[in-house]
Amino acid sequence: MSSPQMGSPSRMRANRSVVEAKCLTCGFGFNFGEEVVVCNVCGGFHHSACWDMAPICNHNVAGAAPAATTASEGTAPGAAAAPLPPGPAATQVAPPPVSPAAPRTPAADEQYCPQCREIVKREALKCRFCGYILSAQLAAQQILPAVAAEINSAANTALWCGIIGLFICGPVLGTIAIVQSNKAIREIDMAPQYSTYKGKATAGRVLGIIAVIGWIIVIAIRIGNMS
């Protein structure tokens with residue numbers, strides 16, 4: 001149903017100019033892409049749902065239709081007011097659709113960030129978008145002290161469990177020594193600057209293997225003597 005004030009309304013999808021305006025019915029804004037009704041008299045916008053509930057435009061923008069002549073302005077009382085000619089239609093022209101810009105490729109002095117794929121300078125040490133460390137030297141320098149403490153702890157555990165396992169609980173302590181030494185060596189391979197701990201880790205592994213094998217032999221001998 002169309003308003004007698006605006007003729008047949010036109011409908012369109014909300015673009016930037018629509019989003020910057022307000023609905024002439026409810027006074028609220030619009031969202032990109034939603035259906036809106038355009039007043040053909042004043043060019044104002046209405047939410048599609050607002051227009052369907054109350055199909056009339058208040059014409060509170062430039063281009064409003066002139067008010068009807070009242071009796072005080074010369075119309076005889078009781079006489080029907082002559083219908084006003086429709087005002088000039090204010091056609092709302094939607095801007096042409098904007099095609100998405102082609103992705104920019106890195107220049108000679110630029111590169112993609114391996115983590116967020118944003119373009120950064122080749123000499124950058126860190127990505128300014130996500131903070132990813134691009135410099136291998138800086139990454140090596142920024143290994144947390146907790147990592148060094150973890151490697152040292154694993155290497156010490158491996159060494160002491162390997163030594164004690166030679167005398168008591170060899171199968172248990174020897175296994176712990178092997179597991180902890182492997183953990184320490186694995187961390188050292190990823191952070192070579194902590195290679196000073198590799199000697200302890202390797203010694204713990206060797207002692208752990210000896211403890212496990214030695215205690216297996218001792219247990220097998222004792223079982224053989226009992227039979």
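## Basis

Residues are numbered from 1 along each chain as its sequence is written, and side-chain values use heavy atoms, with hydrogens and water left out. Because the model is predicted, local features need pLDDT of at least 70 and side-chain atom pairs count only at pLDDT 80 or more, while totals for chains, interfaces and linings use all residues.

## Overall fold

The protein has six helices and five strands. Helices (H or I, at least four residues) and strands (E, at least two) are DSSP runs, numbered from the N terminus. Read from the N terminus, the elements follow the order β-α-β-β-α-β-β-α-α-α-α.

Of the 227 residues in the protein, 25% are buried. Buried means under 20% relative accessible area, exposed means over 50%, and partly exposed lies in between (1.4 Å probe, protein chains only). The accessible surface of the protein comes to about 14,600 Å², and carbon and sulfur atoms account for 63% of that surface. Accessible areas come from the Shrake-Rupley method with a 1.4 Å probe; for residues, only the protein chains shown count as cover. A contact means heavy atoms within 4.5 Å. Among contacts between residues at least 6 apart in sequence, 45% join residues at least 24 apart.

## The three-stranded sheet

Three strands form an open sheet in the order E1-E2-E3, with antiparallel pairing. E1 and E3 are the edge strands, each with a single partner strand, so one side of each has no neighbour in the sheet. From one strand to the next, the twist averages 40°. For such angles, axes are lines fitted to C-alpha atoms (for helices over the stretch in contact), and values run from 0 to 180 degrees between N-to-C directions.

Two strands pair if DSSP finds at least two bridges between them. E2 and E3 are joined in the antiparallel sense over three bridges. Val37 has His46 in E3 as its bridge partner. His47 also belongs to E3, which covers residues 45-47. His47 counts as buried because its relative accessibility is 11%. Leaving aside residues up to four places away in sequence, His47 touches Cys23, Cys26, Phe28, Gly29, Phe30, Glu34 and Glu35.

## Salt bridges

The structure holds six salt bridges. A salt bridge is a side-chain nitrogen of Lys or Arg within 4 Å of a carboxyl oxygen of Asp or Glu. Side chains of opposite charge can pair when their charged atoms come close.

Glu35 pairs with Arg11, with the closest N and O atoms 3.6 Å apart. Glu35 lies in strand E2 (residues 35-38) and Arg11 in strand E1 (residues 10-13), so this pair ties together parts that are 24 residues apart in sequence. Glu35 is partly exposed at 32% relative accessible area, and Arg11 is partly exposed at 40%.

Glu110 forms a salt bridge with Arg104, the closest N and O atoms being 3.1 Å apart. Glu110 is buried at 11% relative accessibility, whereas Arg104 is exposed at 52%. Lys183 and Glu150 meet through their side chains in another salt bridge (3.5 Å, N to O). Lys183 is in helix H5 (residues 170-190) and Glu150 in helix H4, so the pair ties together parts that are 33 residues apart in sequence. Salt bridges that share partners also join Arg11, Glu35 and Asp52 into one network.

## Nonpolar surface patch

Trp160, Ile163, Ile164, Leu166, Phe167, Ile168, Val206 and Ile210 form a nonpolar patch on the surface, together exposing about 760 Å² of accessible area. Patches are made of residues with over 30% relative accessible area and no salt bridge; like charges are joined within 9 Å, and nonpolar side chains (Val, Leu, Ile, Met, Phe, Trp, Tyr) within 5 Å.

Helix H4 (145-165) and helix H6 (198-226) each supply at least two residues of the patch. H4 gives the largest share, three residues. Val206 is placed in helix H6 and is partly exposed, with a relative accessible area of 41%.

## Positive phi angles

Most residues other than glycine have a negative phi. Arg117 has a positive phi, near 65°. Arg117 sits in the loop between strand E4 (110-112) and strand E5 (119-121) and is exposed at 51% relative accessible area.

Cys169 also has a positive phi, near 50°. Cys169 is found in the loop between H4 and H5, and at 47% relative accessibility it counts as partly exposed.
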